[in-house]
Amino acid sequence: MSQPAAGPESGAIRSLIPARIDRLPWSPFHTRLVAALGVAWVLDGLEITVVSSIAALLTKPESLNLPAVVVTGSASVYLLGEVAGALFFGHLSDRLGRRNLFILTLAIYLIGSGLTALTLSNGPVSIGWLFLTRFIAGMGIGGEYAAINSAIDELIPAQYRGRIDLLVNGTYWLGALFGTLGSFILLNELEPNLAWRLAFLLGPVLGLIIIIVRRNLPESPRWQIMNGRAEEAEASISQIEREVERTGRALPPVDESKVLELRPAEKIGYVQLTKVLFKEYPTRAVLGASLMITQSFLYNSIFFTYTIVLAKFYGVPAESAPVYLIAFCIGNFLGPLLLGRFFDTVGRKVMISGTYILSGILLAISAVLFNQGMLTAMTQTLAWCLIFFFASAGASAGYLTVSELFPLEVRAKAIAVFFCIAQAFGALGPVIYGKLIGEGPDPDVGNMFIGFMMAAVIMIIGGLVAVVFGVNAEGKSLEDLAPPLGSLDRPGSARAEGAAPPSPA
């Protein structure tokens, strides 16, 4: 099914591997794949929720007695670590393969998060240690995003890609729920200076279990064939097909018209990637950047300051704050879970623009109610649950968009670039909102109203960009959406310019 092509296109490969992947029925293999790789979002959600849940506690004398700006600043450092990790490991993922990065990036996260628990005090050295370990943990998670988003899209059949991507990204909120429950139990059962340290160890414990599961996953056959590893690609897809067949599922016939003919592309760096993104796919680049920036700013602005807002504006004790996060996490998880299938049926463009715009409008309404003093801690939480039910589905679709709309040879780097652009802007959120909340006992409601309205307008802008530049990618093969750079049928190739096709092998 993957053979060298004879004739004038020396070195070219003819393959049906993408078609063989897309025609597969859903099977336990795909479930295992999603469970093993989707943990990246679980870990990120757990990590960020732990920080959010214990943020108010870390400012108290019985723990580290850190200034609020240091606590929110450590969140920004974590996000910047994600930026560095995504760029570095995204490049390695396109160069060395998806599977080779799985255990490495997870191990880096485990080290960084585990070492955070050893922060000793609020002195300059300890604060430096806190920032360093948060940066390392962020690097690991950033690398996970680039490699794993690529692998999932490349291994999931086209008809399921939208809903599965949204579900996998939505598992971030399962991690957030685990982090919330774990933090709540620890904060209420243990003395504060021990509780927050153990909270940072929740993620590493889960990560150690997942390393074992990932060892048995195959490399992406799509990545292998695009890199000229035809025999390895054939072995990988055959392994997958055998595993599907062992469950009693019949494999549909392969569409022979979907044969892919290509010459493996040379290694591409970030400079060449920029040309691909903004010369060949400028509107998609604008779309991807807009979706990622707007959702990142919204989430980082609200979520990293969640418990601080509850404490300062509604008088919620730090020990009780995690309770309010539980409903918020459930609402965020239910959004992608319940709305995900519509991204494959109603369509990407309608659903992405709709969820972004609607969440922005709802946030603006809640901001007005907040400013008028009409909300309590409970009703504020319920309002955020409704807002983020839609925002979570839209944000997950942002990751889907930047993963499926660019050629395979640069997919991980493209994800990394847009992820980093988003996080660079999103990292400003905790700092801006930390300043808006202030250090005094009487926070300014008017300042927070402005902050909420700013986030609402930003989300609506993201939705309007999707209206203009959105792509109806539902049900389409990745190769149809963005032909590989080495494809002989790609515009500008010898085939496209009228050269004779390679003879069948």
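Is arginine 229 buried, partly exposed or exposed, and what is its relative accessibility? In this predicted model, arginine 229 counts as partly exposed, at 34% relative accessibility. Its salt-bridge partner is glutamate 232, with the closest N and O atoms 3.9 Å apart. Glutamate 232 is likewise partly exposed, at 40% relative accessibility.

This pair belongs to a wider set of charged contacts. Side chains of opposite charge can pair when their charged atoms come close. In total, the count comes to 19 salt bridges.

In one, the side chains of arginine 20 and glutamate 234 meet in a salt bridge, at 3.0 Å from N to O. Arginine 20 is buried, with a relative accessible area of 3%, whereas glutamate 234 counts as partly exposed at 24%.

In the other, glutamate 241 and arginine 23 form a salt bridge through their side chains, again with an N to O distance of 3.0 Å. Glutamate 241 lies in helix α11 and arginine 23 in the loop between α1 and α2, so the pair links parts that are 218 residues apart in sequence. Here both partners count as buried: glutamate 241 has a relative accessible area of 9%, and arginine 23 has a relative accessibility of 17%.

Salt bridges can also join into a group. Asp94, Arg98, Glu154, Arg411 and Lys413 are connected in one such network.

Definitions and conventions
Residues are numbered from 1 along each chain as its sequence is written. This is a predicted model: local features need pLDDT of at least 70, side-chain atom pairs count only at pLDDT 80 or more; totals for chains, interfaces and linings use all residues. Side-chain values use heavy atoms; hydrogens and water are left out. A salt bridge is a side-chain nitrogen of Lys or Arg within 4 Å of a carboxyl oxygen of Asp or Glu. Buried means under 20% relative accessible area, exposed over 50%, partly exposed in between (1.4 Å probe, protein chains only). Helices (H or I, at least four residues) and strands (E, at least two) are DSSP runs, numbered from the N terminus.
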